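Here is a protein chain to look at. Please keep the sequence and the structure in view while reading.

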Amino acid sequence: MKVGPLRPNLYYLIGKDGDGMLKKCILIPDSFKGTLTSQQAGSTLRRAVQEQYPECEAVAVPVADGGEGTVDCFLQQGARKIEAAVTGPFGEPLTAAYARLRDTAVIEIASAAGLPLAEGRLDPCRATTYGVGELIAHAAAEGCREIVLGLGGSCTNDAGIGMARALGARFFDSEGQEFAPRSDEMKRIARVDNTPVQKRLSGVTITAMCDVENPLYGENGAAYVYAPQKGADPETCRLLDDNLRALSIVLYHTFDRDFAFRPGAGAAGGLGAGVLAFLNGTLRPGIDTVLDLVGFDRLLEGADLVVTGEGRIDGQTLSGKVISGVALRAQKKGVPVIAIAGDLADGAEKLYDRGVTALFSINRLAVEFEVCRPYSEQNLYLTMRNLMRFSSLFGER
């Protein structure tokens, strides 16, 4: 079937040679929070595509942006699950897992220092990232040369001093006595010996997935912005912020660099600054790191369409989230992107400038979330099926 001049996006959607067939489709959704994992969403989208286009190469790629579910996404991509005995946020023993993909370890810090682990006993003054350091040490000892940390969902506010101690760092007070500082005791730190950490991680590259730009301290810092959800009242927030300020001075004198106002330093209770200082690591948007690890640019070769999505699309989706990161890369390759979500809120249309071709909501009735929640998978499938049926109108079957 011959067709007339078409806009580039429609040209790709109906098939590059004008035959109306969708030959390759990349399905790369985030989770639909509280309803579907990214794996479930990808499988549902794939089922709808192949019902309309049985010959289509429908590639489902579950992803996350560094928060909960990141490790599971890599396990679905063929990574090995590695378990390790570590210390929980309040000193209790637990078993945590990370994903190993070739020589790369992907670690969610929440597996050893996450909010669910502190349920019913939130205390950011006591909670430690010690178990995170143990996971890093385990991965390095197992031969991983690259370690990727997902910084989402912590219950801590210790700026990574617990993590550093687990890797061998030593902290001393003004009298030269070594001690193990808590989050509310960092003012006592007069000197840090980080040499053991540097030796232990020699030859290992550390990258942290970070999608916030908060500084270490101040009104937009780790304590004032994030500590309340970890159990801190206003007075405790002030205490924690004062201690982070004091630590920043020690870090400056130790490493001859100011980490406090680097974008993302305040992420995960200041762990962003800890990664930069103690681990000599880098902070990078989570979705960019994940897309590189799954080879998304390579998968885009020959693709006619990309479909992505999440539970809610709004103005914040532009800030390093899955949809925004996917769309920007697809746009560079000239591949159109459809984004599907439970809710389309104010600001969602800004994604058009990031490479998204069209936005669709899966909600079929105007009802409350708790009412439609059980039908999320069905509604996602029906929405995608309708889109595939509509696309078939533009070519000869």
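What follows is a set of questions and answers on the cores, a helix and a sheet.

This is a predicted model, in which local features need pLDDT of at least 70, side-chain atom pairs count only at pLDDT 80 or more, and totals for chains, interfaces and linings use all residues. Residues are numbered from 1 along each chain as its sequence is written, and side-chain values use heavy atoms, with hydrogens and water left out.

Visitor: Which residues touch the most other members of the largest nonpolar core?

Guide: A nonpolar core is a set of buried Ala, Val, Leu, Ile, Met, Phe, Trp, Tyr and Cys residues joined through side-chain atoms within 4.5 Å. Buried means under 20% relative accessible area, exposed over 50%, and partly exposed in between, with a 1.4 Å probe and protein chains only. The largest core has 64 residues, and those touching the most other members are Ile 136, Leu 149 and Leu 279.

Visitor: Which helix gives the largest share of this core?

Guide: Helices (H or I, at least four residues) and strands (E, at least two) are DSSP runs, numbered from the N terminus. The largest share of the core is eight residues, and the helix they come from, residues 267-278, is α10.

Visitor: What is the strand order of the open sheet?

Guide: Two strands pair if DSSP finds at least two bridges between them. Strand β1 (residues 24-27) and strand β11 (residues 305-313) run parallel and are joined by three bridges. The open sheet has five strands with parallel pairing, in the order β2-β1-β11-β12-β13.

Visitor: Why is one side of β2 and of β13 left without a neighbour in the sheet?

Guide: β2 (57-60) and β13 stand at the edges of the sheet. One side of each is left without a neighbour because each has a single partner strand.

Visitor: Is Leu 359 buried or exposed?

Guide: Leu 359 is found in strand β13 (residues 356-361). Contact means heavy atoms within 4.5 Å, and among the residues that Leu 359 touches, not counting those up to four places away in sequence, are Ile 313, Ala 339 and Tyr 352. With a relative accessible area of 13%, Leu 359 is buried.

Visitor: What distance separates the C-alpha atoms of Leu 359 and Asp 258?

Guide: Leu 359 and Asp 258 are 101 residues apart along the chain. Their C-alpha atoms are separated by 42 Å.
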